[in-house]
Amino acid sequence: KKPKILIVTNNGKIGLLQWEFSGKNPGNIKNFLPSGIELENIIAIMKLPSEKESSLGLLTSDGKFKRLAIEEILEISNRATTVLKLKNNVTIQSALFCKDNDRLVIITDIGRILNIGINNETLPIMGKLAKGSAIMNIFPEEIIVKALCIKEKEEGKLSLITKKGKIIEHKISSIKSHSKGDLGVIGIKLNHNKDEVLSAYKKNKDVIVISSMNKVAQLSQYDKNIYD
């Protein structure tokens, strides 16, 4: 049985990949996109988790977050549907699956980190027509670059990667907890005035990094400390 694959676009639409007959008619993924999503900018292609208690989290570029129950996704027909109406110039920045007692970690281009516990009080599950709640105040010209779900009691490290090739790691357990609207903490010192954080990842496996000049580097889970 093929797993269900979720498609998320930057303007708040989601749909399930229609690939039931892909074995008999293989081809480009565009051939299996749900109707109504063909011209959209896809930001995530994710396997639906089997746990019913999981939820889909959507983080917008203006710092709002919405959780949608898996049951709502499974009810989607062959056509994509809008689950979050956005203001002008606001987009979905990250999509992730999470559960109660997990933690939502948000990283911005200036290295700011916000670490919020996920539960029905702070980040409740909402219906398809509900708007997201504001959880992070974005400074002028600041950009959210990544959102990650940290599992309950998960070990390992959070690594930040900058435009100038600097990488710094933090133990996940050492990142201070925050509330909605908090400033968070600065997770990296940017010495160069043109440097910025480009991405972040949980370091529990090897990661391949490709630069704009097509240079490739493999970062091992056994590497330590800071890379310049």
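Two residues are in contact when heavy atoms of theirs lie within 4.5 Å. With that in hand, we can start with the chain as a whole, remembering that this is a predicted model. Among the contacts in the chain with a separation of 6 or more, 70% are between residues 24 or more positions apart. The secondary structure comes to 1 helix and 18 strands. Of the 228 residues, 43% count as buried, and the chain exposes about 13200 Å², with carbon and sulfur atoms supplying 51% of that area.

Let us go inside next. In soluble globular proteins, nonpolar side chains tend to be buried together. Here the largest nonpolar core has 18 residues, and those with the most contacts inside it are Leu6, Ile14, Leu56 and Ile73. Several elements give two or more residues to this core: strands S1 (5–9), S2 (13–16), S3 (42–47), S4 (55–60) and S7 (92–98), together with helix H1 (70–74). The largest share, 3 residues, comes from S7. A second, separate core has 15 residues, including Cys98, Ile106, Leu123 and Ile135.

Leaving aside its neighbours within four places in sequence, Ile73 is in contact with Leu6, Ile14, Leu16, Leu48, Leu56, Leu68 and Phe97.

Now look at how some of the strands are arranged. Strands of a sheet pair through backbone hydrogen bonds, either parallel or antiparallel. In this model, 4 strands form an open sheet in the order S3-S1-S2-S6, with antiparallel pairing. S3 and strand S6 (81–82) stand at the edges, each with a single partner strand, so one side of each is left without a neighbour in the sheet. S1 and S2 run antiparallel and are joined by 3 bridges; along this pair, Ile7 stands opposite Gly15 in S2.

Strand S1 also holds Thr9. Is Thr9 buried or exposed? Its relative accessibility is 0%, so Thr9 counts as buried. Beyond its neighbours within four places in sequence, Thr9 is in contact with Ile37, Glu40, Asn41, Ile42, Ile43 and Ile92.

One of those contacts, Glu40, leads us to the charged side chains. The chain has 6 salt bridges in total. In one of them, the side chains of Lys13 and Glu40 meet at 3.6 Å, N to O. Lys13 lies in strand S2 and Glu40 in the loop between S2 and S3, so the pair ties together parts that are 27 residues apart in sequence. Lys13 has 19% relative accessibility and counts as buried, because the cut-off for buried is under 20%. Glu40, with a relative accessible area of 22%, is partly exposed.

Another salt bridge brings together the side chains of Asp100 and Arg67, at 3.1 Å, N to O. Asp100 lies in the loop between S7 and strand S8 (103–108), while Arg67 is in strand S5 (residues 64–69), so this pair links parts that are 33 residues apart in sequence. Arg67 counts as buried at 1% relative accessibility, whereas Asp100 is partly exposed, at 34%. A further salt bridge joins the side chains of Asp62 and Lys64 at 3.3 Å, N to O. Asp62 is partly exposed, with a relative accessible area of 27%, and Lys64 is partly exposed with a value of 27%.

Our last stop is Glu142, in the loop between strand S11 (133–134) and strand S12 (144–150). Glu142 is buried, with a relative accessible area of 7%. Which residues does Glu142 touch, not counting those up to four places away in sequence? They are Thr108, Asp109, Ile110, Arg112 and Asn137. Asp109 is 33 residues from Glu142 in sequence, yet their C-alpha atoms are 6.5 Å apart in space. With Thr108, the side chain of Glu142 makes a side-chain to side-chain polar contact of 2.7 Å. A polar atom of the Glu142 side chain also lies 2.9 Å from the backbone nitrogen of Phe139.

How values were computed. Residues are numbered from 1 along each chain as its sequence is written. This is a predicted model: local features need pLDDT of at least 70, side-chain atom pairs count only at pLDDT 80 or more; totals for chains, interfaces and linings use all residues. Side-chain values use heavy atoms; hydrogens and water are left out. A nonpolar core is a set of buried Ala, Val, Leu, Ile, Met, Phe, Trp, Tyr and Cys residues joined through side-chain atoms within 4.5 Å. Buried means under 20% relative accessible area, exposed over 50%, partly exposed in between (1.4 Å probe, protein chains only). Accessible areas come from the Shrake-Rupley method with a 1.4 Å probe; for residues, only the protein chains shown count as cover. A salt bridge is a side-chain nitrogen of Lys or Arg within 4 Å of a carboxyl oxygen of Asp or Glu. Two strands pair if DSSP finds at least two bridges between them. A polar contact is a pair of N or O atoms within 3.5 Å; within protein, one must be able to donate a hydrogen and the other to accept it, and residues adjacent in sequence count only if both atoms are side-chain atoms.
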